[in-house]
Amino acid sequence: MGEYGCFDIIGPIMVGPSSSHTAGAVRLGRMAREIAGELPKEVKLMLYGSFAETYKGHGTDLALISGLLGFDTFDERIRSSFTLAKEQGLRFSFITGEKEERFHPNTVKFMITTHAGENLTVIGSSIGGGSVEITEINGHPLRIKGDFPTLITFHNDIPGVISKVSECLARYDINIAFMEVFRKEKRKTATMVVETDEYIPNEAMQEILKIEPISHVRFVQPV
């Protein structure tokens, strides 16, 4: 039998009614904001499964927008998130998607436009008890849980990338807690997810970006 902490059993501190449909949705919104690097200019949210069926009754819509605004799961402003989002200039809309077998029942696709004009697609799921997973960014499969400071790299799948990133983090005395590499095809585009024990400073991020096979890097704070 696996080991469980008390928060795995009783769930997170939150504004209700549901740890999956409310607290998990807030965390997904915050992770999407972290990946975008800012409060987006516009976001379309496509909901799947039970998210699509019950998002108004369970407050999933309010929770997702709250996360995009940077709120915590226990923030009393969740109930006013639509009004606050409009005041901050965030344009948003909700779409219900057709059932897809590849998705967890509580799944959302964020279609984001940043103020710089960048378009991002982020897919994530609320998997129970407030736990979440980001499973795709711009069509690249990965897995991010949002529990640790997380570095994401997009790079060509060639030898040496993992060691170069590890060496860079070591120079900044940053310890790697977990690392995973995802790819669709050998020697094509790969995505690396590195969870660390410490915050990764911008200087380290810029140094990693200069590693030749790496095209993009993103950093996600724990949520």
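Thr-150 touches Ile-144, Val-193, Val-194, Glu-195, Arg-218, Phe-219 and Val-220, leaving aside residues up to four places away in sequence; contact here means heavy atoms within 4.5 Å. The structure is a predicted model, in which local features need pLDDT of at least 70 and side-chain atom pairs count only at pLDDT 80 or more, while totals for chains, interfaces and linings use all residues. Residues are numbered from 1 along each chain as its sequence is written, and side-chain values use heavy atoms, with hydrogens and water left out.

Thr-150 counts as buried because its relative accessibility is 0%; buried means under 20% relative accessible area, exposed over 50%, and partly exposed in between, with a 1.4 Å probe and protein chains only. A polar atom of the Thr-150 side chain lies 2.8 Å from the backbone oxygen of Phe-148. In strand 9, Glu-195 is the bridge partner of Thr-150.

The sheet around this residue comes next. Strand 7 (residues 150–156) pairs with strand 9 in the antiparallel sense over seven bridges; two strands pair if DSSP finds at least two bridges between them. These strands belong to an open sheet of four, in the order 8-9-7-10, with antiparallel pairing. At its edges are strand 8 and strand 10 (214–220), each of which pairs on one side only. From one strand to the next, the twist averages 15°; axes are lines fitted to C-alpha atoms, for helices over the stretch in contact, and angles run from 0 to 180 degrees between N-to-C directions. Helix 7 (residues 202–209) lies across strand 7 and strand 10, and its direction is at about 155° to strand 10.

Strand 8 (residues 176–183) and strand 9 (residues 189–196) run antiparallel and are joined by seven bridges. Ile-176 has Thr-196 as its bridge partner in strand 9. The two strands form a hairpin with five residues between them, and Arg-187 in the turn has a positive phi of about 65°. Another positive phi, of about 60°, belongs to Asp-173, although this residue is not a glycine. Asp-173 is found in the loop between helix 6 (161–171) and strand 8, and its relative accessible area of 66% makes it exposed.

The model also holds an open sheet of six strands, with the order 2-1-3-4-5-6 and mixed pairing. Strand 2 (91–96) and strand 6 (140–144) stand at the edges with a single partner strand each, so one side of each is left without a neighbour in the sheet. The twist from one strand to the next averages 20°. Helix 4 (residues 60–68) lies across strand 1 (42–48), strand 2 and strand 3 (106–113), running at about 140° to strand 1.

The loop between strand 5 and strand 6 contains Asn-138, which has a positive phi of about 50° although it is not a glycine. Asn-138 counts as partly exposed, with 40% relative accessibility.

Key
A polar contact is a pair of N or O atoms within 3.5 Å; within protein, one must be able to donate a hydrogen and the other to accept it, and residues adjacent in sequence count only if both atoms are side-chain atoms.
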